[in-house]
Amino acid sequence: MSNQKKRNFQIEAFKHRVVVDPKYADKTWKVLEHAIHEIYNHNASGLSFEELYRNAYNMVLHKFGEKLYSGLVSTMTSHLKEISKAIEAAQGESFLEELNRKWNDHNKALQMIRDILMYMDRTYIPSNHKTPVHELGLNLWRDNIVRSSKIQTRLLNTLLDLVHRERTGEVIDRGLMRNIIKMLMDLGSAVYQEDFEKHFLEVSAEFYKVESQKFIECCDCGEYLKKAEKRLNEEIERVTHYLDTKSEIKITNVVEKEMIANHMLRLVHMDNSGLVNMLLDDKYDDLGRMYNLCRRVPNGLLTIREVMTSHLRETGKQLVTDPERLKDPVEFVQRLLDEKDKYDSIINKAFINDKTFQNALTNSFEYFINLNARSPEFISLFVDDKLRKGLKGVSEEDVEIILDKVMMLFRYLQEKDVFEKYYKQHLAKRLLSGKTVSDDAERSLIVKLKTECGYQFTSKLEGMFTDMKTSQDTMQGFYASHPELGEGPTLVVQVLTTGSWPTQPSATCNLPSEMSALCEKFRSYYLGTHTGRRLSWQTNMGNADMKASFGKGQKHELNVSTYQMCVLMLFNNAERLSYKEIEQATEIPAPELKRCLQSMACVKGKNVLRKEPMSKEIGEEDAFFVNDKFSSKFYKVKIGTVVAQKESEPEKQETRQRVEEDRKPQIEAAIVRIMKSRRVLDHNNLISEVTKQLQQRFLPNPTEIKKRIESLIERDFLERDNVDRKLYRYLA
């Protein structure tokens, strides 16, 4: 490649000088000034914009930009001063109309002037750091019109007066308001904020302060909230019609502060109409309104939540401690469920399922349901009532709903193991008497308990169902191997695994000879087919169906307990028997014997026996004989005490004792588990960990935990530290 020669180019100056007319700038400016006057005077149609643009272009090109710019400022200023006088002269409502008209004229004029001076706008103004033409026009309008001494205050007062009139129900020209407010916004956010918004917010605060005071004196809570909501919506609407969107949060804050925050406590606690009354009367609309308004102010929802919680705890406490309401356990639990349904509905419909309110509801129920030590027993009795008779004819879906509600109450219990104890007793009675409405419902509840508390909680309950099924198979096998038993009494035995069923002290009882022979045959059959097992008869848990004939040939089938059967069979061989004779012949324990005699001799409609002397109590000197006059409209007559009854005080103490005994190994197991993983732990932390582990079943007493620790130390599972006596070590 050959190297090219470098060529140097040089631009030379003009050979001749360009002569400019010394009066060129003045003449040209005069043309442009005249044009600006014509534009402002609405005579722009006769102007040649192309020629004017060229003139302005040439002035800038010939370095007369400063003259052009300063001339523009002075010409526009003089026109705006004239416009200012015309606006000032406008009277009444025409003031804003004149201002709006002149503003529109100024904007049109400004557009034309900017088009003419476009070259200056693009070159001279940026390089000399001047204000662009359009912005200059706005600034001059601001300084000479909006902020002129005779217009500024008048404009503000007129705008505020219109807002006030609209607030008091008058109809105003919103379009005109929108145009004037937009003018202020076009002049810059500072102009809108300082010349209007700041004062607007101050006046609004005062207006709502006075109005809220007037309302709170004459309205109840619900009415006041409606008015506050209406005012809030009006202000939001006002912003959309003619204010800057950024003003919305500011004006709503003013309304919220003056109408809600400043009166919130008085509203919530208002006599006969405050929050508590709304809750009592299920006023969903008012509650929803209170929720929506209070959520807008600091600590608003917290205040509502605290008042609701306080009221709920107080009513709940009355519910669970009122002696009158404790007489009927089923009614007691139903009231709890109704209360829960009521507040669930309120939180759902009025408080948009707010999680914090749901948590407050849960905590309140946990608080008061555990104030009554009998809550676990009563919930089990409620289930017992439903599963015996309360769910007859109810659809599967409704059964599930009821069981889910029971489970919800169960979750609130601190002493779940106490519920388990009672539930097991009641389930046993239902299964043995064949009184359960639905096996599916029974199993469904056990599945729910299993999901909630684990396999350990329900394994024994499931074992009870297994025993019932196995017993059916056993009875089929027994009768298959003894075909000769077709005639005579029929025996149905349920063989119960000792560990699965609630333990009851086995009381001996002399069965009638017909039955005892049959029982012996069953014993021989069962022990012959199952090696290494022991059978003990639980006569106190059985029942019998007997055929009985009374005077005048009245025949009935009596459904009685095993004890009642033993007593009645004695009257086949005797006309009259004393209490002592019955006791001696049957060997039924005295309390049980008195109860069964009472149910057969003292209950109207079930009195198959008569006693002398006639009284409601059974005495040891009483004599009994068959009531020949007994009659009933039913062929089958059930005689028996109510099964699902509350425990007597001694029974209650006994159940409590059994629960406490059952807890001991669980506490010890938890201590060993924790110490095995931690190896060394101080006393307070160990107590805390044990409580945490066991609270799903019951709330252990720290004193009992301490006793269990001492017991484990004695048995060499743990030892105390030699230096720090509050420190425990695990011994492998």
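A salt bridge is a side-chain nitrogen of Lys or Arg within 4 Å of a carboxyl oxygen of Asp or Glu. The model is predicted: local features need pLDDT of at least 70, side-chain atom pairs count only at pLDDT 80 or more, and totals for chains, interfaces and linings use all residues. Residues are numbered from 1 along each chain as its sequence is written, and side-chain values use heavy atoms, with hydrogens and water left out.

The structure holds 52 salt bridges. One of them pairs Glu-98 with Arg-101 at 2.5 Å, N to O. Both residues lie in helix α4 (residues 94-116), three residues apart, about one turn of the helix. Helices (H or I, at least four residues) and strands (E, at least two) are DSSP runs, numbered from the N terminus. Glu-98 is buried at 13% relative accessibility. Arg-101 is partly exposed at 45%. Buried means under 20% relative accessible area, exposed over 50%, and partly exposed in between (1.4 Å probe, protein chains only).

A second pair is Glu-194 and Arg-147, with the closest N and O atoms 3.7 Å apart. Glu-194 is partly exposed, at 46% relative accessible area. Arg-147 is also partly exposed, at 29%.

Asp-622 and Lys-611 form a further salt bridge, at 3.1 Å between the closest N and O atoms. Lys-611 lies in strand β4 and Asp-622 in the loop between β4 (609-612) and β5 (623-626), so the pair links parts eleven residues apart in sequence. Both residues are buried. Elsewhere, salt bridges with shared partners join Glu-166, Arg-167, Arg-174, Glu-235, Glu-237 and Arg-238 into one network.
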